[in-house]
Amino acid sequence: MKRFVYADNAATTQLDKDAFEEMKPYLLEEYGNASQPYSFSRKAKLGLKEARKTIASCLNASPEEIFFTSGGTESDNWALKGVSSYDKTRAIITSEIEHHAILNTSAAIEKMGCPVVYLAPTEEGVITTDVLKALISSNTKLVSVMSANNEVGTIQPIKELCDVAHKYGALFHTDAVQSVGHIKIDVKHLGIDMLSASAHKFNGPKGIGFLYIKNGTQINPYMSGGSQESGLRAGTENVASIVGMATALKKNIEQISFNTTYIKELEHQLLTKLRKIKGIDYKKNGGENTIPGNISLSFRGQDGEMLLHRLDLRGICVSTGSACDSVNTHTSHVLQAINLDKSYINGTIRISLGKHNTIEDVDYIVEEIKKIICISA
Ligand code: PLP
């Protein structure tokens, strides 16, 4: 029987119901502008203050180090442009497998005359310290490497990469959009200077995120205007979404061990059941250390677009690569960078399971993949 299975949690997640309930009063009753001094705005101001504190405590940061933005893309733009505009002569190092929020920002920075260097991953999608050491110098201003890849899920050795960057006097930024709320992140332990996050990837609302900026980091404002966010990011704060983001993150962090075990078990079941199907030739991308539930599969000789649409007809949502890139149908830059064999590359789909998925969802996905591939073979 046809069911609906949402298995594209790396693209976006379902809004947490508690987060929605926390947001409601700020949309309907407590709609005051948090910057106004009168008593009606007091609740909005307090909501903002509490949310900043909650988010900071989830990452072991200080509240004044959390700056609200419109999401991952803005945070990435701010981190790179805000630092490079300080000193256009020193280089930025990033990786070939970053999200386009970083890659296209890097291209824009290059056009403005700032050199950018791109690190190549291993075939498992890892950016190693050896690759960074070979290219970094005292002329490097900033190193930006994502903490987990959105297409193949690989978790990067962030602490080690950050240590190398600091040894050469460079700042370290990580696009943690895929990992915040899904794996434990302690910014002090990792030593990072900046971190980008987006609420809709951890069951918060869309269009809201934050940039963690370590105290003392030299960075220019991204948005000019009013004096919100300590004068660094202007614009009236989206209090309801900020409160929803904080609620969703706190809940995910409180339940992180349970969620990880649960989602990893679903992933294990999916891969075990898939392995049992005879006559299907596929590879799992991204190595062993991946974000729970992020399963990138490349089926030899298949067409990923065709698989996506046939799964869609059966009520299953998956992705072919990066969902934020769905208008671009060219071969994924990540799959190319990890040197995936040509006979597999076009047959890639990303199944990303989340805390709302069930074992019945997994059984249905595997059963339908089997029908599609075995019938078209
Ligand atoms: N960075 C990564 C790794 C992502 O996966 C995404 C979205 O898919 C973004 C940045 C962009 O985030 P947002 O949708 O909040 O702009």
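Begin by selecting Ile66, Val143, Phe172, Val180, Ile192, Leu195 and Phe210 in this predicted model, since these are the residues with the most contacts inside the largest nonpolar core, a set of 59 residues.

Now centre the view on leucine 195 and display its surroundings. Leaving aside residues up to four places away in sequence, Leucine 195 touches Leu59, His173, Thr174, Ala176, Val180, Ile185, Val187, Phe210, Leu211 and Tyr212. Another core lies apart from the largest one; it has 27 residues, and Leu266, Ile295, Leu311 and Val362 are among them.

Next, switch to a cartoon and pick out the sheet, which is open and is formed by seven strands in the order β2-β8-β7-β6-β5-β3-β4, with mixed pairing. Strands β2 (66–69) and β4 (116–119) stand at the edges with a single partner strand each, so that one side of each is left without a neighbour in the sheet. Looking from one strand to the next, you will find a twist that averages 20°.

Finally, select helix α2, residues 42–59, which lies across β2, β7 (194–198) and β8 (209–213) and runs at about 115° to β2.

Note on methods
Residues are numbered from 1 along each chain as its sequence is written. This is a predicted model: local features need pLDDT of at least 70, side-chain atom pairs count only at pLDDT 80 or more; totals for chains, interfaces and linings use all residues. Side-chain values use heavy atoms; hydrogens and water are left out. Two strands pair if DSSP finds at least two bridges between them. Helices (H or I, at least four residues) and strands (E, at least two) are DSSP runs, numbered from the N terminus. Axes are lines fitted to C-alpha atoms, for helices over the stretch in contact, and angles run from 0 to 180 degrees between N-to-C directions. Contact means heavy atoms within 4.5 Å. A nonpolar core is a set of buried Ala, Val, Leu, Ile, Met, Phe, Trp, Tyr and Cys residues joined through side-chain atoms within 4.5 Å. Buried means under 20% relative accessible area, exposed over 50%, partly exposed in between (1.4 Å probe, protein chains only).
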